[in-house]
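Good morning, colleagues. I would like to take you through one structure today, and I ask that you keep the model in view as I speak.

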Amino acid sequence: IFSYLFKVSSVDLAYGDHNLHVTMMPNPSHLEAVNPVVVGKARGRQRSLAEGHYSESEQSQPGDKVVCLQIHGDAAVAGQGVIQETVALSNVPHFAIGGSLHVCINNQVGYTTPGERTRSTTYCTDVAKMAAMPVIHVNGDHPEAVVRAAQLAVEYQRKFRRDIWVDLICWRRWGHNELDNPRFTNPDMYQNIDARRSVPDVYVDSLVDSGIMTREEVLKINSDYNTYLAEQFKLVDTHVPKANHLEKQWSGFVQSPSSIEVWDTGVDVSTLKYVAAKSVELPEEFNVHGHLNKTHCEARIKKVTEGQGLDWATAEACAFGSLLHQGYNIRISGQDVGRGTFSQRHCMFVDQKDASMYIPFNHMAQQQTGHLEVVNSILSEEAVLGFEYGVSVESPNTLCIWEAQFGDFYNGAQIMIDTFVSSGETKWLTQSGLVMLLPHGYDGAGPEHSSCHIERFLQNCDSKEDRPDGEDINWGVVNPTNGAQYFHLLRRQVSGKTLAPLIVNGARSLLKIFFGPKATLNYIEEVKGGLFNFYQFLGDGSISPDQVRRVVFVSGKHYYTLDAERQSRGLKDTAIVRIEALCPFPTAEINTEMAKYKNAKQFVWSQEEHRNMGAWFFVNPRFNNLCGTKLSYAGRDVLGTPAVGIGQLHKKEVQDILDQTFKN
């Protein structure tokens, strides 16, 4: 119970010469949500132990050292879609773990709902049929039959390395909780239950009658155990749980401080050139698509050798390659991540003749220890994000990334975000370095693919309105505007000594553009303050501070729209500064920048999102309370949907925002 409050419950059990380490993951009240998390943690542990798919031995199988046990409830397993998604993952490459053991506690009632009304199938476990998983139905009134069912399930999983279920058909004598009287809603069932003796009592009678035990032995066992429970209960008020979350694989990390830490995440340019070239190096016999070879492979080589410009995907490749070169593992998961939703990444190539797959990053050197796992997932958000969170919990030294196909697709995983990603450390000290990449941007598309709802992630963070933030926030929320910033963000996530989930709002329109004449590999290594790192705040160096009368604050790719409009209007009195990190909020950097503009009279927050969306509600009180600055708002008016989806209206809205931003 106490370990449950502080991270996970773990115990080492000894069975003769065999030791068994058992870990129980914390389980929120959202039914079945923990199941994909547990499977992901099992996969992560298999990598930690170099077994199965991560072993160099051809004899090693997934599940040799790590087995996942999933516990279900009858009504929940039939009603919660996350189980269908988790079952669908069971044999998919990069998600398979060699089969889980499933136990369904089937008490034939869902809170107050009779079992026959909790599903449309004969059995609550019929979801297993979609993946041809065998199910053993066993009568819970017969303990020895339950043991035999469990033994059969284990033997099946060990032999075939496939999932198997035990449907434990039983009953619940008491209500769902202390206030629930199940007789109100299930009178027939509970007339039968009230007339039955308990399973232990019936089983004990059979043992005594058969001469296996005496009544005195039974009484002593009960007495001894009740004494033990009473003694443990007395310790409740004095026991102080141990916070053990920074042990074992987390031993090199520290609890996040209340200050902002800066890590040098730079890499020398020669290494960047090397890994960038390796990212598109293919075997001579590999049949790459001709168009891809020209526009991606040859183009990347040209960028890094001639300095023609650095795009977002090349910056990402430099981050990946440099981390792999240092020995870090990377796992990137999501729908179409190998190619990238917008055909920008191509970290995995497919042979045009035999459809074989090749990942250049895994062939940079003969003895390389860091590897890239490219996981093109099934069309699931909740289970896949939960799985990746589980991997990240197990693997703090692995860069774990989940990318949404479009930013708003995260809402299919809202339960995972609310109950695990945003709050896992606060509730259980369960730390995660998971990165969520969410494509975002108002480019004239419809309401479904324009917004990642950055406001919801900001609402879910524990940033303070009345005092500066530190690293001890529950997660970071960033909106980088160039590839160099993105490069350093990814490297920072595994280079530091503290970890928190990172929400990256990435603009689709920035993926393939170049960032001006400075956008070479040296651009990544632009030095400020002697360090190469991610900057939470980017000031405006294009204008003399003494001339500034208006300061416009912006976050994300909307900056480029504003900058283009400023140039077209010939404005020499307007500075545009970028908030690259919204959480933790860069109070000190903003105040330092503001001190430069002694003649500024007008301060504007400009955003492309609607007023009830975006970062306005978040930044406004912080500018007021922490920076002493009163902002005016420039952006879309309130609306119940992210975008209108009509081209002419979109253009009008953009012009309205620009007029609001630069009005006198």
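Predicted model: local features only at pLDDT ≥ 70, side-chain atom pairs only at ≥ 80, totals over all residues.

Residues are numbered from 1 along each chain as its sequence is written, and side-chain values use heavy atoms, with hydrogens and water left out.

Let me begin with strand 18, residues 550-554; helices (H or I, at least four residues) and strands (E, at least two) are DSSP runs, numbered from the N terminus. Five of its five residues are buried, so strand 18 is largely enclosed by the rest of the structure. Buried here means under 20% relative accessible area, with exposed over 50% and partly exposed in between, for a 1.4 Å probe and protein chains only. Arg550, Val552 and Val554 point one way from the strand, while Val551 and Phe553 point the other way.

Which strands pair with strand 18? Strands pair if DSSP finds at least two bridges between them. Strand 19, residues 574-579, is a parallel partner over five bridges, and Val552 stands opposite Ile576 there. The chain reaches strand 19 from strand 18 through helix 18, residues 558-569, in a right-handed β-α-β crossover; right-handed means that, with the strands pointing away from the viewer, the path from the first strand over the helix to the second runs clockwise. Strand 21, residues 602-610, also runs parallel to strand 18, joined by four bridges, and Phe553 stands opposite Trp605 in strand 21.

I turn to the aromatic residues. The structure holds 18 aromatic pairs, where rings of Phe, Tyr and Trp (its six-membered ring) pair if their centres lie within 6.5 Å; planes under 30 degrees apart count as stacked, over 60 as edge-to-face and the rest as tilted. Trp250 and Phe253 form a tilted pair, 5.3 Å centre to centre with 55° between the planes. Phe553 belongs to one aromatic cluster with Phe585, Phe617, Phe618 and Phe623.

Finally, the cavities. A cavity is a set of points, on a 1 Å grid over the protein atoms alone, where a 1.4 Å probe fits but cannot get out; lining residues have an atom within 4 Å of a point. The lining of the largest cavity comprises 19 residues, and Trp312, Gln344, Glu403, Gly506 and Leu511 lie nearest its centre. Helix 11 (312-325), strand 14 (435-440) and strand 16 (502-507) each supply at least two lining residues.

How values were computed. 1 Å grid on protein atoms, 1.4 Å probe; cavity = no way out; pocket = protein on both sides within 12 Å on 5 of 7 lines; lining within 4 Å.
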